[in-house]
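Please open the structure in a viewer and keep the selection tool at hand.

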Amino acid sequence: MGRQAYHKSLLKPRMLVAWVAAISATSFGEMSAAPQTPSVKSVSGPSVPCASRDLANKPRLTIHEARCLMVSLVNRDRATMNLSPVELDEGPPTIAGQGHAEDMASRGYLGHWGSDGSTPELRYNEVGGRDMVFENASCFTDEAARTIDPTPWIAATEVVTTESMFFHETPPNDGHRKNILRGFHKRVGIGIAQPVPRPNEIAVPCFSQEFIDPYGSYAPVPAALHVGQTLHVEGAVTAPAAVAGVGLARVPLPAPLSVPELNRRRSYPVPQPYQMYWPPGYVTPIPLRVSAGTFAIDVPVSDRGQAGLYELSIWAKLPGEPDLAIVGLRTIRVQ
């Protein structure tokens with residue numbers, strides 16, 4: 001989906017959108033729910049209150065106001081399906097999303113890989129996030145270098161138009177809409193970056209939405225390991241979610257990407273685990289120890305002896321969801 005607009009002799013860069021697709025647990029078999037536990041503290045940042053005034057009718061917005069407007073529009077759209085609202089989280093999801101929006105806007109590309117080869121979960125992890133993250137993105141793709149405005153004024157119409165583009169997609173190209181309407185989302189980070197205006201061009205913002213699902217508390221894992229080392233995993237999952245399994249996936253280590261290559265990449269699938277670990281009673285190489293919602297396991301980090309970026313996923317059963325869902329996703333560089 002794209003849009004192009006003109007004002008007098010000034011041109012707006014053409015805007016496009018991209019989304020992250022999540023894998024389904026049905027690829028690995030169904031699990032029954034584990035015992036539920038009392039709530040535990042989330043590892044996400046603090047939720048941020050937004051002003052109640054009608055920001056959509058305010059011509060120019062600060063970045064914080066634009067974030068608040070975007071969240072209010074997301075919640076308006078979620079309400080059409082009787083879904084609970086999400087809260088703005090200006091901790092790790094907004095920090096990661098802001099960095100990605102600036103990367104896209106400064107280089108003129110759209111996608112979920114960063115110019116350094118990073119993925120949404122890696123960017124989120126590197127600023128302290130431990131939950132699952134779903135990213136929607138919108139930007140222009142002319143591959144022109146631009147300077148980011150450090151204190152921009154954002155047109156409310158740009159925020160409204162972008163959320164409308166996301167939400168009013170139609171199948172089968174409706175990944176953004178599906179991300180917005182995932183019933184178990186709890187928080188969202190918003191990245192907004194706008195270049196400095198140039199002669200004969202109206203500056204327009206690039207956006208990212210980083211939906212996160214803080215349903216657990218997880219012990220830290222190493223940032224780096226060697227192939228074959230043992231990884232200790234433990235944590236607790238928050239009711240009403242119930243822990244179901246742990247997975248390990250592997251993708252190549254990140255490497256810088258050219259802007260043309262970044263523009264060739266669009267939707268991003270979360271990597272499928274090469275190995276899943278289930279509780280006792282299921283076919284599994286190492287049983288996941290589960291007790292009253294807490295879990296622990298020690299697993300070897302080796303996908304056929306290959307180095308790479310290993311992804312540790314925590315799977316849970318959520319009420320009303322037919323498939324298991326990833327509620328925690330962390331990355332480990334393995335050499």
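The stops below concern the nonpolar cores, the disulfide, a strand, and several backbone features of this predicted model.

**The largest core**

Begin by selecting Val159, Leu231, Phe295 and Ile314. These are the residues with the most contacts inside the largest nonpolar core, which has 61 residues. Next, select helix 1, residues 63-79. Helix 1 gives the most to this core, contributing eight residues.

Now return to Ile314 and display its surroundings. Which residues does Ile314 touch, if those up to four places away in sequence are not counted? The list includes Tyr218, Val233, Val237, Gly245 and Val246. It also includes Phe295, Ala325, Ile326, Val327 and Gly328. In soluble globular proteins, nonpolar side chains tend to be buried together.

**The second core and the disulfide**

Move to Ala105, Cys139, Ala193 and Cys206, which are among the residues of a second, separate core of 16 residues. Within this group, select Cys139 and Cys206 and show their side chains. Their sulfur atoms lie 2.0 Å apart, and the two residues form a disulfide. The structure holds one disulfide. A disulfide is a covalent bond between the sulfur atoms of two cysteines.

Is this disulfide right-handed or left-handed? The torsion about the S-S bond of Cys139 and Cys206 is about 55°, so the disulfide is right-handed. Cys139 belongs to strand 7 (residues 133-140) and Cys206 to strand 10 (residues 206-212), so the bond ties together parts that are 67 residues apart in sequence. Cys139 has a relative accessible area of 0% and is therefore buried. Cys206 is likewise buried, with a relative accessible area of 0%.

Strand 7 and strand 10 pair in the antiparallel sense, over six bridges.

**Two cis peptide bonds**

Turn next to the backbone at Pro171 and Pro172. The peptide bond from Pro171 to Pro172 is cis, with omega near 5°. Pro172 lies in the loop between helix 4 (156-167) and helix 5 (175-180).

Then select Ala239 and Pro240. A cis peptide bond joins these residues, and its omega is about 10°. Pro240 is placed in the loop between strand 13 (230-237) and strand 14 (242-251).

**Two residues with positive phi**

Select Asn200, in the loop between strand 9 (187-193) and strand 10. Its phi is near 65°, a positive value in a residue other than glycine. Is Asn200 buried or exposed? Its relative accessibility is 53%, so Asn200 counts as exposed.

Although Arg304 is not a glycine, it has a positive phi of about 55°. Arg304 is also exposed, with a relative accessible area of 69%.

Technical notes:
Residues numbered from 1 in each chain as written. Predicted model: local features only at pLDDT ≥ 70, side-chain atom pairs only at ≥ 80, totals over all residues. Heavy atoms only, no water. Core = buried A, V, L, I, M, F, W, Y, C linked by side-chain atoms within 4.5 Å. Buried < 20%, exposed > 50% of the residue type's maximum accessible area, 1.4 Å probe, protein only. Helix = DSSP H or I, 4+ residues; strand = E, 2+ residues; numbered from the N terminus. Contact = heavy atoms within 4.5 Å. Disulfide = S-S within 2.5 Å. Pairing = 2+ DSSP bridges.
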